[in-house]
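Here's a quick briefing on a predicted model, to read with the structure open.

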2 protein chains.
Amino acid sequence: MPSSEEGGPERPLDEFSLIGKFFSSWTDVPVPWKSQGIGDDCAFLDLGAVRLAVTCDMMAIGTHFLDSADPYTVGRKALAVNLSDLAAAGASPRAFFLSIGLPAADPAWLERFSAGLREEARRYRCALLGGDTTKAASVGEKPGKTVISITAIGELAPGAGTGRTGAAPGDDIWVSGTPGDAFAALLAAWGRLRVSEEALPYLKSRMDTPTPRVELGQELLGIAGAAADVSDGFCADLGHILERSGVSAEIFWPDFPRSDALRTLPEAVQKRCALSGGDDYELVFTAPAARRESVKQAALRAGCRVSRVGRILPAGCENRILEADGSVSAFAGGFNHFSDS
Amino acid sequence: MPSSEEGGPERPLDEFSLIGKFFSSWTDVPVPWKSQGIGDDCAFLDLGAVRLAVTCDMMAIGTHFLDSADPYTVGRKALAVNLSDLAAAGASPRAFFLSIGLPAADPAWLERFSAGLREEARRYRCALLGGDTTKAASVGEKPGKTVISITAIGELAPGAGTGRTGAAPGDDIWVSGTPGDAFAALLAAWGRLRVSEEALPYLKSRMDTPTPRVELGQELLGIAGAAADVSDGFCADLGHILERSGVSAEIFWPDFPRSDALRTLPEAVQKRCALSGGDDYELVFTAPAARRESVKQAALRAGCRVSRVGRILPAGCENRILEADGSVSAFAGGFNHFSDS
């Protein structure tokens, strides 16, 4: 969960250029196995009869979670966001490793946190196989905040797995669920958005306990050309697919799925939340137009709603959003952790 | 690196009981593959033709590193402590994943940090295959401190790998290098110990750039019965072996290896640093007395000093340290991150 809204037009060095600049292209370090590296939701490691998908995410109380967050939902969501990366790749969750930095040894907090973590682990059959517990660094006289890092490992058949590079011009663009709900709940928690008492519980549930689309990702293996999970915002995460695949996109806003709860809000707010909110952990994916029926059948088997929301354009086109009245607007950006630093 | 000295006799819930209490015995979550879980330096994952060893460590500026630490050495050491866990298992480093929480996007810091990380990756042929960058949570008005979590993966032949459960009565206890140097440097940095100008640079180099004993760990496969790396203190880490193997130990203090730099300090200080200091990233391991020559040959091949410092006793004996004058003392504890919380 982002801690604050996007900054203005002057964006400092962002998360993606940070990674690209300092932590890639280490040509003097041999890469083991056959693997794909930084840039997708998961790295793939080819180990003979099995391919592993590996992902890691770090989350801090105060940055990704409100200070008041229930430790049970923190545990659930901390694992869910990693499972969501495995879902994008189509991998079956197998195991995870947990590092946690705590300001103090608080048994009540840990008990709730571990209960949430265990519940999510049980649902998705993903075993905790190791970890590290340490003390969060104090800042001045004050204790530091809890920080959680999870590395999750999924399994794929050799050669299988959906990455971000397989989108081709003419492909449909699909999205699962109803993105935007989590961000609307966050805006409400910040006091920046009035939400009715009827709508709020649903929106809040999508923020606190997102559903990693593990079954859908598995069902889409061999059907989807490219996939990503919606963590930074729909347009931003689709943008990663476009960049890695060397293509462009247009989105049909009238077709964009929105929950009844989100539809209680003004359309401009719906649009902002759905297209650039982030924290939804739905899947955005592409598939050839000839595979529409296959996509729908896959979604039925996974028990998950999917919506066709746009199409892939050739490289060099401007990414655009088409409105009901025929007007066109530019892509909205996603959340950048450092934009207001 | 511990941030402060050990607390008094009243120790609150410590790191190990935390892990044991909340994060193990999840009998409702299926364990994938054939694997060993929490309790060793690494988890082993058996994937057909290959066994993986996986470990993770979290480190924070202000807890594990001094606030003034050079980011280059932070990068080196952050990977080294994970490689040290792989070394204990005897695994060949292959890949790692980095999650980093930063108070701000500071290109100068990141450049130095990534240079150190890359240098260590290059030395041990361990490729960076993925990661996550996020913003450290602020505490009040102040920015949070940098926190680093690394998950490292090593490779073993099927069935190979040294754990902590294989120590047997009568086995020798060995240690690599000269434990205690890092903690002496830390005490000096805290202003709690006077160290001569001649001795300080060496001690400080052992604190800043420990040498993961990767080659030694590999050479000891099939020779060592049990191994652990010395991160929490020699007695504490040997204690993990004893507990997991269900045995006891006696240590011959006069035989304990000490660097010339450490020997410039009073013997009581040497003993405290060497036996309970921590942060050395040497290996403590056991081997049958009949394999002494094999251990020495393995150390020669690895280019690493090893010293025989004690022996394994049957279960139920009191763990003890034998002095030169024939007197006996009890085991000293290791560092506990939460002991002064």
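B:Arg301 counts as exposed, at 51% relative accessibility (exposed is over 50% relative accessible area, buried under 20%, partly exposed in between, with a 1.4 Å probe and protein chains only). Its salt-bridge partner is B:Glu219, with the closest N and O atoms 2.7 Å apart (the rule wants a side-chain nitrogen of Lys or Arg within 4 Å of a carboxyl oxygen of Asp or Glu). B:Arg301 sits in helix α9 (residues 292-302) and B:Glu219 in helix α6 (residues 214-219) of chain B, so the pair ties together parts 82 residues apart in sequence. B:Glu219 itself is partly exposed, at 27%.

**Ground rules**
- This is a predicted model, where local features need pLDDT of at least 70 and side-chain atom pairs count only at pLDDT 80 or more, while totals for chains, interfaces and linings use all residues; side-chain values use heavy atoms, leaving out hydrogens and water.
- Residues are numbered from 1 along each chain as its sequence is written, and chains are lettered from A and ligands numbered from 1 in the order in which they are written.

**Other salt bridges**
- Over all chains, the structure holds 34 salt bridges.
- B:Glu323 pairs with B:Lys271 at 2.3 Å between the closest N and O atoms.
- B:Glu323 lies in the loop between β12 (320-322) and β13 (328-330) and B:Lys271 in helix α8 (residues 267-276) of chain B, so this pair links parts 52 residues apart in sequence (helices, H or I of at least four residues, and strands, E of at least two, are DSSP runs numbered from the N terminus).
- B:Glu323 is buried at 16%, whereas B:Lys271 is partly exposed at 21%.
- A:Glu119, A:Arg122 and A:Arg123 form one network through salt bridges that share partners.

**Where chains A and B meet**
- 83 residues of chain A are in contact with 83 residues of chain B (contact means heavy atoms within 4.5 Å).
- The two chains bury about 6,900 Å² between them, 73% of it on carbon and sulfur atoms (that is the accessible area, 1.4 Å probe, lost on putting two parts together, summed over both).
- A:Trp26, A:Met58 and A:Lys135 supply 10% of what chain A buries against chain B, more than any other three residues.
- The rule finds 2 salt bridges across this interface.
- B:Arg118 and A:Asp28 meet in a salt bridge, 3.0 Å from N to O.
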